[in-house]
Amino acid sequence: MKRRFKRAFGIDVQGMFGRSFVVLDKSFLQGVTAQELRFYVKHGWIFGVTETLQYEHFRKWDRWRFANLVKLKAIEKHIVLLPGIGEMFRAESKKRKPASQVLRIKGLVLTDKLTPGRRFFELDEDTKKIAAERTLELEKRLDIMIDVWTDFKQIPEFDGAKSEDMPAIVRAKSLQIRDDHDDMRGFYKRHRQRFNPPAKLIGEEWTFFRWIQVQLLAGLDFFASYGLGAPFNRENLFHGFLDLDYLIFALVVGGLASREKQMLERFTLLRPDGLVLK
């Protein structure tokens, strides 16, 4: 299947001169070696880094997170910083176009303290403060996700379903989330703020559209596993919520570098034409 979008954030990702552009998640960075990363960039791969990847390393700083960033420092010239989710939402609300068509990537410069061979160091107070502020922002977004998930209490297929029937129900609903664009627009419309783009405008190229798909797919998996009456454990949900950010970016870009099974399954379901590195 051909990849659908020719450009993403100013990078050609399709056609004769298209680049292998993938969003880098924590599981891939942790599992790959610096030598392997150098091999990929030597052969033209571009790794997109998100605010979420940076946050996950700085919110709980330790030696393995330090080692991960040392790997990134080794390919610094071949990684790009993607816009934040909030910036993408604002761009789509203002420009009435997909964020990937109006925003551009930036270079990422990492501190020289991460140069291979340097010793582990403690984070400065400013970095810790930024991470703490980011936590508060993400907690607010988690509240929005939980609000979206409350709609799952209205799924009739779940009522009285037996455990052996759940895989087939989940599969059917997952395909509906992928293929029924009008249904996704209707769901978006129910949760849309007045300054957001009209539901009729958005489609697969849009961050808003992919955000709705990802929230619904994750909610479907949660309730299928724990039941419609399951309480929300915020700490557990928060960890899974961070993974959803990677997925949204990967769906918009059309490429994902990951070694996390569920992440890969969700990506290939929603972007069967996408590029995967694992």
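Biologist: What is the strand order in the open sheet of six strands?

Modeller: This is a predicted model. The order in the open sheet is β6-β5-β4-β3-β7-β8, and the pairing is mixed.

Biologist: Which are the edge strands?

Modeller: β6, residues 106–107, and β8, residues 275–277. Each of these pairs on one side only.

Biologist: And in which sense do β7 and β8 pair?

Modeller: Parallel, over three bridges. Strand β7 covers residues 255–257. Leu256 stands opposite Val276 in β8.

Biologist: What about β3, is it buried or exposed?

Modeller: Four of the five residues of β3, residues 20–24, are buried, so the strand is largely enclosed by the rest of the structure.

Biologist: How many bridges does β3 make with β4?

Modeller: Four, in the parallel sense. Val22 has Phe47 as its bridge partner in β4.

Biologist: And how many with β7?

Modeller: Two, also parallel. There, Val23 has Leu256 as its bridge partner.

Biologist: Which strands does helix α2 lie across?

Modeller: β4, residues 45–49, and β8. Helix α2 spans residues 34–42 and runs at about 115° to β4.

Biologist: Switching to rings. How many aromatic pairs are in the whole structure?

Modeller: A search finds 14. One of them is Phe39 with Tyr40. Their ring centres are 5.9 Å apart and the planes meet at 70°, so this pair is edge-to-face.

Biologist: Why edge-to-face?

Modeller: Because the planes are at 70°, and over 60 degrees counts as edge-to-face.

Biologist: How accessible are Phe39 and Tyr40?

Modeller: Phe39 has 47% relative accessibility, so it counts as partly exposed. Tyr40 has 15%, so it counts as buried.

Biologist: Which aromatic pair is stacked, with 20° between the planes?

Modeller: Phe89 and Phe208, at 4.5 Å centre to centre. The pair links distant parts of the chain, 119 residues apart. Phe89 is in helix α5, residues 85–95, and Phe208 is in helix α10, residues 207–226. Both Phe89 and Phe208 are buried.

Biologist: Back to Phe39 and Tyr40. Which residues form an aromatic cluster with them?

Modeller: Phe28, Trp45 and Phe47. Phe47 is also the β4 partner of Val22.

Biologist: What lies over the face of Phe28?

Modeller: Arg259, at 5.1 Å from the ring centre.

Biologist: And which ring has Lys113 over its face?

Modeller: Phe121, with Lys113 at 5.2 Å from the ring centre.

Conventions: Residues numbered from 1 in each chain as written. Predicted model: local features only at pLDDT ≥ 70, side-chain atom pairs only at ≥ 80, totals over all residues. Heavy atoms only, no water. Phe/Tyr/Trp six-rings, centres within 6.5 Å; stacked < 30°, edge-to-face > 60°. Buried < 20%, exposed > 50% of the residue type's maximum accessible area, 1.4 Å probe, protein only. Lys NZ or Arg CZ within 6 Å of the ring centre and 35° of its normal. Pairing = 2+ DSSP bridges. Contact = heavy atoms within 4.5 Å. Axes fitted to C-alpha atoms, helices over the stretch in contact; angles between N-to-C directions.
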